[in-house]
Amino acid sequence: MPLFDTVLQEKPAIVLEIGTALAKLGFGGEPYPRIIVPSLVLDHKAKNAGQTTPNRRLYDYANEEELYNLLVEFLKTVFFKHVLVSPKERKVVIVESSLAPTSIKQNLARALFCHLDVSSVLFIPMHLVVLATLAIDTALVIDMGYKETVVVPVFSGVQALYAWEAQPLAAESVHAEIKRQLVETGVKEELLTESIIEDIKVRTCFVTTRERAIAYRSEDPAISGAIKPAPDVEYPVRGEEIIKISGRLRETAYEVVFPEDNDRLGLPYIVLNSILKCSRDMRVPLANNLVLIGGSCMAPGMTARLKAELLALLQTDLYKDRLFLQTFKFHKTPSEPNYTAWLGGSIYGTTDLVLTKSITRDAYARDQSIPDFTNYEEGRQLAHRG
């Protein structure tokens, strides 16, 4: 029987992407995930102690054994409560970052094989499979998640991991800035839960233009005072109090992603530094193929602001004699940026890679080490497993 007939006749692979804040789960070949849930696990100790919020983040662990227990609890909840599918004897595709800790990868495989009894697991790199959604093989992937922003160049279908850049400039830092500004205006801190702050960010905040941001940062009162801010917004909380969201906060919340300091580690800096680490023949194709993914890049005005900052930086002394680029071009992904990586995994989940490159349950029983890109010998053995 031809290989493609075998793939079509079997049950579709389960595609899973577990992020720091959100997890996406669905089936290979589908255009969007069946469910997107917070990466939270019920803390039974906290629940028994009577705490009102007995949930904890999946990756908030003290040791590997605790991580394994959290992963098992989380996977059981996702499979049996949200998606309502038994993972037994199913093929699983895990969309994961190549830069993620190896311990997470190993414990995830252990939980899937030993506890949920899946038939095979295929780990695929997030920043590479994103390109499958656009049918291109070269791009600079900018992943703006919850904890950090990661920049990874991909050239001719190969990740250039020697040129990756990352900084903690993402949703978490934006949330901290919103909370700081609101507390300074007299808002009670106990009202500002994580969910309330995120809702304020999504409903009211946006990325302002570079010119207005420079004026806001100006120490000259005549310049900063001449700006007419965006309209204020009233945000009701719990049906009891109303928080006033100032126009200045709405515009400046995302300025933490574009800091102006001597460290030069803002978002446009790490993008240009990543391109600069690549060889000269790679730089122009990468600059003409920028791909933004992750929930944080969905803020209104983010793409336009990043392009303006990049073009302005090219004219500074730091880059004008080192990077000879004329323009930057951004791809528009066929899905919402927050699940583009999952969609890439869904595409790969319909190919014969699920049959030829997966780690099978029998192979895992013989050797429980999970190949990693940092170990060449382990990578060579991957083709012989299963």
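**View 1. Contacts of Leu267 in a predicted model.** Contact means heavy atoms within 4.5 Å. Beyond its neighbours within four places in sequence, Leu267 is in contact with Ile142, Met144, Thr149, Leu169, Val257, Phe258, Met302 and Leu306. The model is predicted: local features need pLDDT of at least 70, side-chain atom pairs count only at pLDDT 80 or more, and totals for chains, interfaces and linings use all residues. Residues are numbered from 1 along each chain as its sequence is written, and side-chain values use heavy atoms, with hydrogens and water left out.

**View 2. Two nonpolar cores.** A nonpolar core is a set of buried Ala, Val, Leu, Ile, Met, Phe, Trp, Tyr and Cys residues joined through side-chain atoms within 4.5 Å; buried means under 20% relative accessible area (1.4 Å probe, protein chains only). The largest holds 50 residues, of which Ile178, Leu182, Leu267 and Phe328 touch the most other members. Helix α11 (residues 267-277) gives the most to this core: seven residues. Apart from it lies another core of 35 residues, including Ile14, Ala23, Val118 and Ile359.

**View 3. The open sheet.** Strands are DSSP runs (E, at least two residues), helices likewise (H or I, at least four), numbered from the N terminus. Two strands pair if DSSP finds at least two bridges between them. Six strands follow the order β3-β2-β1-β6-β7-β15, with mixed pairing. β3 (35-38) and β15 (359-360) are the edges; each has a single partner strand, so one side of each lacks a neighbour in the sheet.

**View 4. The β1-β2 pair.** Strands β1 (residues 14-18) and β2 (residues 22-27) run antiparallel, joined by five bridges. Val15 stands opposite Gly26 in β2.
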